[in-house]
Each structure stands twice: as structure tokens, then as C-alpha cells.
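Subject: Structure handover

Hi,

Here is the structure I promised to pass on. Have a look at it first, and then read on for what I found.

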Amino acid sequence: MKTTRTTCPYCGVGCGVIVQQDAAGAITIKGDELHPANRGRLCSKGTALAETVDHPDRLLYPEINGQRVDWDTASSAVADKFQQVIAEHGPDAVAFYVSGQLLTEDYYVANKLMKGYIGAANIDTNSRLCMASAVAAHKRAFGEDLVPCSYEDLESAELIVLVGSNTAWCHPVLYQRIVAAKAENPALKVVLVDPRRTQTADVADLHLSLKPGSDAYLFNGLLAYLADHKHSANDFFEQHTEGAEAAVQAAREQSGSTAIVSRQCGLSNTKVEQFFALFASTEKVVSVFSQGVNQSSSGADKGNSLINCHLLTGRIGKAGAGPFSFTGQPNAMGGREVGGLANQLAAHRDVDNPEHQQQVQQFWQSPTIANKQGLKAVELFEAMHAGKIKVVWIMATNPAVSLPDSQFVREALSRCECVIVSDCVANNDTLNYANIKLPALTWGERDGTVTNTDRTISRQRPFLPAPGEAKQDWKIIADVAKKMGYVKAFNYKTPAEIFREHAALSWYGNDGKHCFDLGALTTLSPQDYDELPPLQWPVKKSGSDSQSWRSTKRLFSDGKFFTESGRAKFIPIYARPPTSEPSETYPLILNTGRVRDHWHTMTRTGVSPRLSGHKQEAYAEIHPSDAESRGIKNGDLVNIDNELGNVCVRAQISADQQPGCVFVPIHWSNSFANTALVGELIAGITDPISGQPEFKHATVQLSRYPAVWHGFMISRRQLNTTLNTIIHDLHWSVRRVNQVWVYTLTGAEAAPDLEHLARSVLCADSDNVNWAEYLDNAHHTYRGARFNDEALESCIFMSDSSTSLPSHEWLTSLFAQEALAESERRALLTGKSLGVQVDTGKTICACFNVGEKTIQESISSKQLKTTDDIGRCLQAGTNCGSCLPELRELLIPN
Ligand code: SF4
């Protein structure tokens, strides 16, 4: 057994993972009990990591215009293109669009090339989409982008306020820590502030289902209440803060009483009073804020409205107290450290500060330095659309799916003179636009560091060889930089060298002026770097040898902030509503977010059958009254439209949604469904301070999709392109089940020529196909199967009634057989399974693969009363715990 300690590549919790490989290379994964983020826990995504390392569709070799080339040709082509555009149009005509998936070392090298050698600041990151508003709020209040808390504060708090955070699904291990803390200390109260009743409400003592976008009214109201009811920590705010009066005055003017707040937020006065009194009377309060706050046209203000309440009460810099931004991505924080955002320089220095420019340029000994802010994500693609960005290098991200107004973004990519994409996969929505494709390493192969949401730097260590000719991003970038003539500055041999340089820059000329300081790590030996334990920055020296360092658990304990005055700043907030109001044409508010078992655009989690079983298709969560008034039933396909576009997804009717609101998840790209790309409905409206797009708010209309025929197809091969080119006016979505792909098909037009359709999709690649079929024109029923020798290769079933289709479970099981018996072939064409097939329903427990119907049946037949009973009976919920809220819901009698 070979054991590697590394870090999960998914969310910002940054869990430690132990990978064990046997002699045959088989991998098992478990949580690292020594890692302070998770202490051995993992969520369903982390637990399934072993299933996603063997990606079936890797990019293995560099390509130029679809032709394989060697690395020398590829990196020369990239360097030449950048140099040509810079010579003709200047450095502002080129851009990098990078990712919170990059390791800190990759990010550092990309930022150094753009800001110190190209001399522009047009490098922005997809982390702009998840936490830029929190960064702006921190910077305004604390003088630097600083997260004051530590995860341990969740355990020592007496009140945790979760604002715009579906912690149960988006930061599951932290949710489990909160649940465990509450079990340990029943006096701990949890308040959830979210328009939706998400799974996180399961742990909440109070749920404030406020009007979408009204968070700043609530926290302004709280600030006024705290001031009016004499809950200010006078000593603290007089000595360590400034601007309290103006902030309190603004809050009083706008939200000066609970009655006003209850109207502004659409909450009962009782609930508002209950929350305010609880906050006021509890000394140890942690206020978690996440995408529900950040992804707004006033996200930075919302963050500051919440921080103001902590500053007034002095609830910061102490155990169990502070505002706590939960970031989305595994290395969003690392990107912020190295200046991965277009409005930062590096090491928390400001791009528009001449002193900082000089300092960084001196340290790098670089020929130039960016001296003004670059284009933030949405602006960058607008400039590309307008022809101002001539060449873009996209690294480890899929902007054709993840940015707002995806149609516009795709147009921008298609207009760009040269699109370079470094990625580990061979196909995704963005790679369709790439002129140059560069194969990059991914989790399990890469070597470097990431920083999580509580400032803990952890090592990602490799345990797999590099596939094909793939290289780590820092190496790809450094090779291009050297081809551009910057040999000395980019002559790195190891990630340890880059990390030491990054640490040294944070310390250079710092003198305590910047909190971000890795001064103790500037002399790490290669072995120290290999063995680096998780450390929370700032990391100060505490002795003379190279391993004498001191992590910092909590910031601001000394009352020192990093503004010019050394005091924290209150920011007066005048709350404002979201940019669009529901209208007669678009009467509903669209909200977007994540699901439990998928990550981003599903390039990794979408290949795991286990993770694809929980939410099997894209869906829209709709309140029963909105569904009823439109004749929509649970499981119908629904069209959601606005002036930008359309999506068509499965209806999931739920009273957890407010009337007038619809929720659609962000994950499904055109690689997994042809009509589920929710970014099509989101306008490129951003917060004016942070540049973060308003993903949590769009106005839409909703209608039932008039399905007239239904079908599904199971195939060993992916057939997306064939489907899109052969059949029009069809809705399809695909998911991985065992070793096959299961496609759901639905059409609104009169039933097509079924035979022609089936053969076009499944037999188009060969004239000599072993094909068997059954057609009943009178009942619009068709069944077809393709064989490869005796084994089933693919099959298709279509009918005008979804209820007459056979079960997937039985059919997918046939693909596991090397040869089908004659009776099984006959059964296939009659659509009737041999023997009893159990439909276990959608996966609830991904760790033990336990389906909803199995759980429901056991609850009723075995009289199960608690989640512990379910665990004892079926194991469900006994590993990562991510499914516990859903198990509790299943226990509630209908
Ligand atoms: Fe990975 Fe889950 Fe931990 Fe996030 S909570 S880092 S997804 S194991």
C-alpha cells in the first residue's frame, strides 16, 4: 500500500484526504483525521474521488486547430501569438482567464507573467463569480482581504447565523461540524437567512425566509437595533474602529425599526424581533456568508452590512465570534493571495498603488508592472465581444457554461482571434472554441498548495503519473514565458521554488503593513515543502530552524486592522433591491445554486455514476401554487424563458420554494443536457464594487413543455454530438450509470419517424450494424437494440406515454453481461424484464448507494423512526452524513 496525504479538489472547505493505492494501482480514499479542516470527515463528493480519477475523455497532447503538435510547437505558437498581439495592439489586448481550481504555484506564475512581464492586469479568475464581493467587503472594512475566523470558531460559537449559504450541500463537512457542535452543545443556536428552505434549515432553530435580495435591509435593521438597544461594545469600537456613527445613521434612516424591516424583507415582525434579540443577547456569534450574499448587484454592501454588526458589538477577533465568508472553490483563497484577480497585484498588494507597484516590480526585477486595474470577468468577455481582446488564455475553467449570459460569452469566444485553453479534459463547452488546446494535469497528478476558506494552506500531492504529454499549469505557463524571452524569471524547476518565491514576496517590504505574510516559509527545503503540514496564514517565524513557524488561528485579536489608520472601518450602507423586478411578462424570480453531489460544470463529478444518481437531471424547484396555476405536475418538463434565452428542465414541486420564485442548479452544461444551461437566463449585471455577477436574481416566465413523446437510450458511447446534429426540437439529458450513459429523450412535435430516428442516432457510424427492433406504429412504440457480437452495445425505447417505458435498472444490468441469452434478447424487444426488477429510486445516500424507494419501503415496513434507525438498517447516512437532512425529510409522514 502506498499512502499519500493530499487535499480534496472540490470546495473551499479544503478537506484533507488520504489516498491509498495497492500494488495493482487500485485507489481507496478516506478523510485525513489529522487535517484540521475535516478531522477525518469527507462529504459524498470527497468520498467518491476514486471514481473520478480515471477520466474517460482526457486531453493528452497539445493541439493547434485540431491537429496534434509537440509541446515545442504549441508553446511557441502561444508565445508568438501573445507577442504579435502585444506588438500590434498593446498589452491590454491580451488576457488570461484562470480558475480557483489552479494551485497557488500555477496561479502565482500566471499572475507574474501577466502583471510583471506583459505589463497589464487582464488576468481574472472564475473565483470572481463566487467570492469577489466578500473580498471587496473585507478590503473596505479591514483594509485587506482577510477572513478573521477559523473553523474552530463554529464549535465555540453560541449562535451561528448562516446567510445565503446552503451549507449542507455546498460546504457539507462544515455543516457536519455545525451539526456535531449542536449535538455537543444544545445551547448553540443556528439561524438560517435564505429565501429558500434548503436542506440547511434542518439544523436551524430559526429560518428567516426573506424576500430575495433583501439581506442588507435585514442587517441594516439589526445594526440600528443593536445601537438603539445599547448593545454596542463601546470600548472596542471607540479604540479600534471608525465611522460607526455614519453607518448607524444610514441604517436608522433606511431600516430604523423591526416593523420597517419586516416589510422590507417580507418577514413577520415576530421573526425579525426574535432574530435581533437573539443576536443582541449572544456574545459569541459567527455570521457565515456565502454565494447568496456575494452573487448580487449589491454583494459588497451586503457583506459590509453584516460586518458592521460585528464591529459595533466587538464580536470579532475572539473565539466563537466574527463574520466568516465561506468561499466556493478549493483555491479561491490561494488565488487571492497571489493576485489572481484583475484588481489585485500580488501578495495582497494593490494594483493601483504606486508604492506597491514599485515594491512588486523590484522584487520580481521585472521589465514592467501593471499600473491600473484590469478587466474583471464579465468586462473581459464584453471586451472580447467588442474585439478589444484579441487573444485569451483560459486555464482550468469552462466560461462558456459558468459565466452569465452564456450566449453572449459564446459569441465573444467565437469572435476572439485566438482562444487558448489549458484543460485536463478533451471536450467541454469552452474547448469547442479553442484554437490551441494544451493538456494540463489534474487532481492526483498535480503538486502544489491550496488555501481554504479559513486561510489554511494545504498540500495537494501527486499519486498518479502524468497521462500522455500533460503538464502542470505552472510549467506550461513558464515554458511560454521563456519563449517570450523571460528565461531567468521563469526558469523554475519545482513547485517548491515557486512557493518559496511567493512566500518571500509576501514578506518583502512588509514590516507588518500587510497581514498576509508567509515570512517563515521563505527558506523551506524541498523536504520541508514535501512534508508541509496544514498551516493557517499569516505564518510567522517562531525560532531559528527552517521548520520554526507559527500559524495564526484568528485575526484581529489585538484590535489591529490593516487600514491606513489601523482601525476597522464601518461602511454606511444604503441597501438597494436587485436590478430587475418581476413584471407581467416575467413574473417569477430565478435563483441559481449548487446541488449536493455535483461540482461546477460536472466535468469531473459527471463521470461518477454514484454522484450522478442523486439529482439525475437538471430541474427547476417550483412552489406548488406557481405549478398549479400553470398546469405543471411534478416531473413534467418546464420551459423557463426570459429575453436572454430559454432552458427546459424537469419540474420539482416543493413548498420549500417561496411562491413567485424558481430555483435552477448551475451544473448542467451542453455536455450533459441540450437545454439546461441556466447561465443563458442570467444577465451580465455585476456589483459595481466587486464586479461579481448577480447569479441569484433574474426574472423569468415559466410554462409546461408540451411533451408528446418520451424515450430513453442507453449506450456505451457518448452520443451528444450525434443527437444534436440528427434530431432537432428534442430535449435530451444524459447521466452516467455504471459503465454506460443513459439518455432521457423528450419531444414536443408529433411523434417522429421512430425507426429512422433510432437508427440515425445509434447506427450512423457503421453500415454493418447488428440491429434488432420492434415497431408498433399504432401505439407509437419503438424498441431497438444494437449488439456487438453477443453483447449489448446500445438500446433505445420510445413511446407516446412515459409510463409504458421499461425500467432503466434492468436494462443497465444487461450491459454488464458479455453475452445476452436468446430469452433476454426477446425480453429486450418486448420491453419486459425477466424476473423481478427492483427500482430503488434516486440515490439518497451516495456513499452506500441507497435509493429513495428502498429507504421509504424500509421506513414503512420496518417502522423506522430516526436517522439512526435508517443507518442501522441500510447504512444510509452513516458515512459522510451529507444525506441526513434528506433522510429526516423522508421520516416526516406525508
Ligand atoms: Fe471535498 Fe466535500 Fe470536503 Fe468540500 S466538504 S473539500 S467537497 S470532501
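Let me start with a pair of strands: E32 and strand E33 (residues 781–788) run antiparallel to each other and are joined by seven bridges. Within that pairing, Leu-775 sits opposite Tyr-782 of E33. Keep in mind throughout that this is a predicted model.

Two helices pack on the sheet here. Helix H25 (residues 754–762) touches strand E29 (709–715), E32, E33 and strand E34 (791–799), and its direction makes about 145 degrees with that of E34. Helix H27 (residues 822–830) touches E32, E33 and E34, and in its case the angle of about 145 degrees is with E33.

The sheet itself is open and has six strands, in the order E30-E31-E29-E34-E33-E32, with antiparallel pairing. Which strands stand at the edges? They are E30 and strand E32 (770–776); each has a single partner strand, so one side of each has no neighbour in the sheet. From one strand to the next, the twist averages 10 degrees.

The partner of E30 is strand E31 (residues 740–747), which runs antiparallel to it and is joined to it by eight bridges. Leu-730 has Gly-747 of E31 as its bridge partner. Together E30 and E31 make a hairpin with two residues between them, and in the turn Asn-738 has a positive phi of about 50 degrees.

Now the other sheet I looked at. Five strands form an open sheet in the order E10-E9-E8-E12-E13, and here the pairing is parallel. Strand E10 (206–208) and strand E13 (322–325) are at its edges with a single partner strand each, so one side of each is left without a neighbour in the sheet. Neighbouring strands are turned by 15 degrees against each other on average, direction ignored.

Inside this sheet, strand E8 (residues 159–163) pairs in the parallel sense with strand E12 (residues 285–289) over five bridges. Val-163 has Phe-289 in E12 as its bridge partner. Helix H12 (residues 269–281) lies across E8, strand E9 (189–193), E10 and E12, and runs at about 120 degrees to E10.

There is also a ligand. Which residues are around the ligand? They are Cys-8, Tyr-10, Cys-11, Val-13, Gly-14, Cys-15, Leu-42, Cys-43, Lys-45, Gly-46, Pro-172 and Val-173. Helix H1 (44–47) and helix H7 (172–184) are the elements that give two or more residues to this shell. By class, the shell has nine nonpolar, two polar and one charged residues.

Two single residues are worth a click as well. Asn-398 is in the loop between strand E14 (391–395) and helix H18 (399–402). Is Asn-398 buried or exposed? With 5% relative accessibility, Asn-398 counts as buried. Its side chain makes a polar contact of 2.6 Å with the side chain of Thr-430. Leaving aside neighbours within four places in sequence, Asn-398 is in contact with Asn-428, Asp-429, Thr-430 and Thr-601.

The second one is Ser-422, in strand E15 (residues 418–423). At 1% relative accessibility, Ser-422 counts as buried too. The side chain of Ser-422 makes a polar contact with that of Trp-393, at 2.7 Å. Beyond the four places on either side in sequence, the contacts of Ser-422 are Trp-393, Ile-394, Met-395, Ala-396, Leu-438 and Asp-473.

Last stop: helix H29 (residues 867–874), where Thr-867, Asp-869, Ile-870, Gly-871 and Leu-874 are buried. Strand E36 (850–851), helix H28 (852–861) and helix H30 (884–891) are among the elements that cover these buried residues. Just after H29 comes Gln-875, with a positive phi of about 75 degrees.

Cheers

Note on methods
Residues numbered from 1 in each chain as written. Predicted model: local features only at pLDDT ≥ 70, side-chain atom pairs only at ≥ 80, totals over all residues. Heavy atoms only, no water. Near = heavy atom within 4 Å. Helix = DSSP H or I, 4+ residues; strand = E, 2+ residues; numbered from the N terminus. Nonpolar A, V, L, I, M, F, W, Y, C, P; charged D, E, K, R; others polar. Pairing = 2+ DSSP bridges. Axes fitted to C-alpha atoms, helices over the stretch in contact; angles between N-to-C directions. Contact = heavy atoms within 4.5 Å. Buried < 20%, exposed > 50% of the residue type's maximum accessible area, 1.4 Å probe, protein only. Polar contact = N/O pair within 3.5 Å; in protein donor to acceptor, adjacent residues only side chain to side chain.
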